[in-house]
Amino acid sequence: MTPTPLLIGGKRGSKLARQSPATSKSCADTPRVLLSVADNPSSDLPVKTPELWKPANRQETELLDKLDSKRLPHHVAIIMDGNGRWAERRHLPRVAGHQRGVKAAREIIEACARLELPCLTLYAFSRENWTRPQAEVDFLMRLLREYLKRELPTIHKNNIRLSIIGRESDLPDAVRKDLDRATQLTSTNTGMNLVVALNYGARAEIVDAFNAMLQKARANGQAEFRANEEEIASHLYTAGLPDPDLLIRTSGEMRVSNFLLWQIAYAEIYVTETLWPDFSRTRLLEALLDYQKRERRYGGLTATRSPGERSSHGNRSAAAKG
Ligand code: FPP
């Protein structure tokens, strides 16, 4: 099957967009992306012309040509791993790896927004990460606040909706305040959902969902409580978002590390040896192409849905599962 060419900066699959991306309109509710240039993080110049989004190299051009814009995942979730090893290999302190990790995150957020993926989730801080040395934890919190301060205007300008999943109440007050401001500011944006998992643990999320359901049942005076899949999904932190179609993990570990355990039931898993600070736009395209080669059967015998296809409320219906 010939892939539908991918047109950066314009509507997927539209020739007009390829010829004149600067004037073409993207999806009705997703304005054309105006992000700053990845290679120049200090610049917050909006990208107004296609020249600023030329493929970085021949490899990227070839990958983009192969990518089918009609079969992109609706939700990509990423376990960003390997910052520490990246730094250690360069005889640098671990925090230098985190600093470069932020740069990689920025590049991937921009790339996903340009690809018009509806949702990107980044695992930034797990509940287990509190056990790291206090200085590293403090550094990560500071880094997050700096990231928000620097990037929020660009995120908002590009119609990206930022949300947080995890037990936010346990985060330091200053971090919570910044996060509240950022999520409120972008709450009515209609472009890509950028979900950052902070103080996140999937088991804790499921516990929170059950407690919320039980509380509701008690408040309604229900003598008996029975949950079903849809009800559970609607009480998770990710309620309303599509389940991830693709889970990427960097740095080679074959684990899911308590990340979105419920939601990744049918996700395709892509593990790369690349350490997170080296995970570039090119590496992302490779992951997306690998995903497009997979046959998704949901337990049945044939691929009955194309990747990314969703039921109307975002989560797959039980009937679709094998
Ligand atoms: C794993 O590296 C990464 C983390 C603990 C998360 C930190 C993520 C960033 C700094 C990216 C920033 C993201 C946003 C949204 C601003 P590791 O320390 O576990 O690496 P190692 O396994 O090699 O030690």
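Helices α2 and α9 run roughly parallel to each other in this predicted model. The angle between α2 (residues 58-66) and α9 (residues 281-293) is about 30°, and because angles under 35 degrees count as roughly parallel, the pair falls into that class. Their axes lie 10 Å apart, and α2 passes α9 in a left-handed crossing. On the α2 side, the contact is formed by Gln59, Glu60, Leu63, Leu64 and Lys66; α9 contributes Arg281, Thr282, Leu285, Glu286 and Leu289. By residue class, this contact comprises 4 nonpolar, 2 polar and 4 charged residues.

Turning to the ligand, a shell of 19 residues surrounds it, with Asn83, Gly84, Arg85, Gly101 and Ala105 the closest. Two or more shell residues come from each of α3 (83-89), α4 (94-114), β2 (119-126) and α5 (134-157). In composition, the shell around the ligand holds 11 nonpolar, 6 polar and 2 charged residues.

The average pLDDT of the chain is 83, and 77% of the residues score at least 70. Residues 1-52, however, have a pLDDT below 50, although the model gives this stretch 93 contacts beyond near neighbours in sequence. Residues 306-322 likewise stay under 50 in pLDDT, with 35 contacts beyond four places in sequence. Where pLDDT is low, predicted coordinates should not be read in detail.

Note on methods. Residues numbered from 1 in each chain as written. Predicted model: local features only at pLDDT ≥ 70, side-chain atom pairs only at ≥ 80, totals over all residues. Near = placed C-beta within 6 Å. Helix = DSSP H or I, 4+ residues; strand = E, 2+ residues; numbered from the N terminus. Nonpolar A, V, L, I, M, F, W, Y, C, P; charged D, E, K, R; others polar. pLDDT = per-residue confidence, 0-100. Contact = placed C-beta atoms within 7 Å. Axes fitted to C-alpha atoms, helices over the stretch in contact; angles between N-to-C directions. Parallel < 35°, antiparallel > 145°, perpendicular 65-115°, else oblique. Left-handed = near helix turned anticlockwise from the far one by under 90°.
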